[in-house]
Amino acid sequence: LVSGGAFHAGGAGFDMFVARIDPDGSLDASFGTNASGFAIVDFDRGSTLNDLAHAIDVDAQGRIVIAGQVNIDSPVEGYDMGAARLTSAGVLDSTFGASGRVVLSDAVTTAFSRNARDVVILEDGRMLISGFTEVETTTSTAIMLRDNGMLDTGFGSGGVLLQAPPGSPRDTVVSAKPHTAVLAGDHFYFI
């Protein structure tokens with residue numbers, strides 16, 4: 001599987017995408033939109049805005065989770081964290097968030113920009129998303145989602161852990177039972 005941002009027919013900006021590639025290097029014709037080998041995930045936040053996937057993981061059921069940045073232009077231009085889940089066939093999973101997508105702007109409301117850089121699906125199906133938030137300084141951020149895409153309010157403060165105070169060393173130890181993770185910059189390392 002490969003994820004990122006793609007400019008495609010019918011779109012005016014980049015959208016998140018996932019492609020499944022066969023061992024011979026060709027696109028898997030059984031995967032994605034119209035069996036094209038790739039799935040486009042648009043967040044429709046604006047016609048020429050760019051959405052990019054920076055991280056991908058697959059759960060035990062074969063469902064694919066991507067996380068990254070969703071471009072916004074109101075009230076000021078910036079980015080929100082965005083995540084989407086697709087079925088193993090490459091179709092948006094309607095049991096996750098709103099029609100397979102979650103925009104995490106409400107999780108960190110005072111930020112100018114939020115950007116997801118890593119996603120890890122835990123054994124219990126929760127998703128740990130890490131990245132950064134920009135307010136006055138860049139702050140490492142971790143967000144825990146339940147299997148349905150809602151914030152896991154038992155994690156951090158209402159589902160969100162911000163590296164505090166801003167400007168402190170960017171490594172944080174996070175307990176995501178049964179694991180312990182180190183949030184180092186924008187990524188998790190499990191120990």
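Student: Which residues of E2 are buried on one side, and which on the other?
Tutor: The model is a predicted one. In a regular strand the side chains alternate between the two faces of the sheet. In E2 both faces are covered. One side has Asp15, Phe17 and Ala19, all buried, and the other has the buried residues Met16 and Val18.

Student: How many residues of E2 are buried?
Tutor: Buried means under 20% relative accessible area. E2 is mostly covered, and its buried residues number 5 of 5.

Student: Where is Ile21, and is Ile21 buried or partly exposed?
Tutor: Ile21 lies in the loop between strand E2 (15-19) and strand E3 (38-41). Ile21 has a relative accessible area of 41%, so Ile21 is partly exposed.

Student: Which residues form the nonpolar patch on the surface?
Tutor: Ile21 is one of the patch residues. Together the residues of the patch have about 300 Å² of accessible area. The patch is formed by Val2, Ile21, Leu27 and Phe38.

Student: What is the order of the strands in the open sheet of 4 strands, and which stand at the edges?
Tutor: The order is E4-E5-E6-E7, with antiparallel pairing. Each edge strand has a single partner strand, so one side of each is left without a neighbour in the sheet; the edge strands are E4 (51-58) and E7 (101-103).

Student: What is the average twist from one strand to the next?
Tutor: The twist describes the step from one strand to the next in the open sheet of E4-E5-E6-E7. Its average is 20°.

Student: How many bridges join E6 to E5, and how many join E6 to E7?
Tutor: Strand E5 (residues 64-72) pairs with E6 in the antiparallel sense over 9 bridges, with Gln69 opposite Met81. On the E7 side, Gly82 stands opposite Val103, and Ala84 has Arg101 as its bridge partner. E6 (residues 78-86) and E7 also run antiparallel, and the number of bridges there is 3.

Student: Why is E6 described as largely enclosed by the rest of the structure?
Tutor: The reason is the count of buried residues in E6. E6 is largely enclosed because its buried residues are 8 of 9.

Student: In which strand is Ile56, and what is its relative accessible area?
Tutor: Ile56 is found in strand E4. Ile56 is partly exposed, and its relative accessible area is 27%.

Student: Which residues does Ile56 touch, not counting residues up to four places away in sequence?
Tutor: Val18, a residue of E2 that is buried, is one of those touched by Ile56.

Student: What separates the C-alpha atoms of Ile56 and Ala84?
Tutor: Along the chain, Ile56 and Ala84 are 28 residues apart. Their C-alpha atoms are separated by 9.7 Å.

Student: How many helices and strands has the chain, and what percentage of its residues count as buried?
Tutor: The chain has 0 helices and 14 strands. It has 191 residues, and the part that counts as buried is 46%.

Notes:
Residues are numbered from 1 along each chain as its sequence is written. This is a predicted model: local features need pLDDT of at least 70, side-chain atom pairs count only at pLDDT 80 or more; totals for chains, interfaces and linings use all residues. Side-chain values use heavy atoms; hydrogens and water are left out. Patches are made of residues with over 30% relative accessible area and no salt bridge: like charges are joined within 9 Å, nonpolar side chains (Val, Leu, Ile, Met, Phe, Trp, Tyr) within 5 Å. Accessible areas come from the Shrake-Rupley method with a 1.4 Å probe; for residues, only the protein chains shown count as cover. A salt bridge is a side-chain nitrogen of Lys or Arg within 4 Å of a carboxyl oxygen of Asp or Glu. Helices (H or I, at least four residues) and strands (E, at least two) are DSSP runs, numbered from the N terminus. Buried means under 20% relative accessible area, exposed over 50%, partly exposed in between (1.4 Å probe, protein chains only). Two strands pair if DSSP finds at least two bridges between them. Axes are lines fitted to C-alpha atoms, for helices over the stretch in contact, and angles run from 0 to 180 degrees between N-to-C directions. Contact means heavy atoms within 4.5 Å.
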